[in-house]
Amino acid sequence: MAAALQLPTPSETIITDASSESNNVTITGKIYTKVRLATKSDLSHIYQLFYQIHVYHNYTHLYKATESSLANLLFKENPLPLFYGPSILILEVSPTPFNETKNTTNGGFKPVLTMFDLKFPVVEGQVEEFQSKYDDKSDVYIAGYVFFYANYSCFNDKPGLYLESLYLRESYRKLGMGKLLFGTVSSIAANNGFVSLEEIVAVWNKKAYDLYVNMGLEIFDEFRYGKLHGENLQRYADKNGGN
């Protein structure tokens with residue numbers, strides 16, 4: 001049974017990706033990007049982006065998160081080792097270069113800086129809503145994220161990484177930034193002793209499907225994704241003495 005949409009509190013107002021001409025920044029020529037580890041200062045933006053990916057998949061009726069519940073999930077006082085617990089990389093963009101001298105390691109991860117040549121103008125239509133609270137530059141905006149964590153299998157003697165979701169706001173699609181985020185997580189896996197990077201790929205999303213396959217992801221047709229949730233899961237709540 002689908003859960004009802006929990007309406008946000010006033011401090012958690014949902015922001016759509018609609019553009020307002022009076023509040024636009026148009027980026028032409030080049031766009032500069034930074035991929036960095038999320039911090040608690042990103043919480044309101046993560047909440048908004050998680051809602052937007054629910055909109056993209058027509059799952060808004062399932063969105064139950066609050067900023068408080070996300071804080072408890074993502075930013076625990078005693079976190080697991082880096083990349084083993086829930087981990088989010090934030091993609092920031094700017095029309096001007098990031099200061100490389102300030103490109104210091106954050107939480108054990110050194111931000112990835114790059115630049116894209118633009119073939120068409122990019123319009124940031126939500127300047128105030130998605131302005132970065134992390135960077136001290138005033139022209140930095142949150143463009144997307146990738147969410148992942150360690151997973152385990154009896155077929156391997158080392159953990160892998162599971163990519164739970166990768167999302168870009170509409171203005172920043174078709175620029176190569178999806179490849180940047182996927183490639184960054186793949187690099188983390190390869191450089192930190194993880195045995196694999198796994199994810200569920202939506203078959204209907206052909207562009208994303210082709211992107212992942214072209215980047216080396218192997219699709220296994222002999223397996224089907226299964227999920228026990230909602231009422232079917234709760235049937236087992238007292239089957240084993242609460243364990």
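A salt bridge here is a side-chain nitrogen of Lys or Arg within 4 Å of a carboxyl oxygen of Asp or Glu. This is a predicted model: local features need pLDDT of at least 70, side-chain atom pairs count only at pLDDT 80 or more, and totals for chains, interfaces and linings use all residues. Residues are numbered from 1 along each chain as its sequence is written, and side-chain values use heavy atoms, with hydrogens and water left out.

The structure holds 7 salt bridges. Start with Asp 210 and Lys 206, at 2.6 Å, N to O. They sit 4 residues apart in helix 4, so about one helical turn separates them. Helices are DSSP runs of H or I, at least four residues; strands are runs of E, at least two; both are numbered from the N terminus.

How exposed or buried are these two? Lys 206 is exposed, at 55% relative accessibility. Asp 210 is partly exposed, at 29%. The cut-offs: buried is under 20% relative accessible area, exposed over 50%, partly exposed in between, with a 1.4 Å probe and protein chains only.

Next, Lys 34 and Asp 135, 3.1 Å from N to O. This pair links distant parts of the chain, 101 residues apart. Lys 34 lies in strand 2, Asp 135 in the loop between strand 5 and strand 6. Lys 34 is buried, at 7%. Asp 135 is buried too, at 12%.

Third, Lys 30 and Asp 117: closest N and O atoms 2.8 Å apart. Lys 30 is in strand 2 and Asp 117 in strand 4, 87 residues apart.
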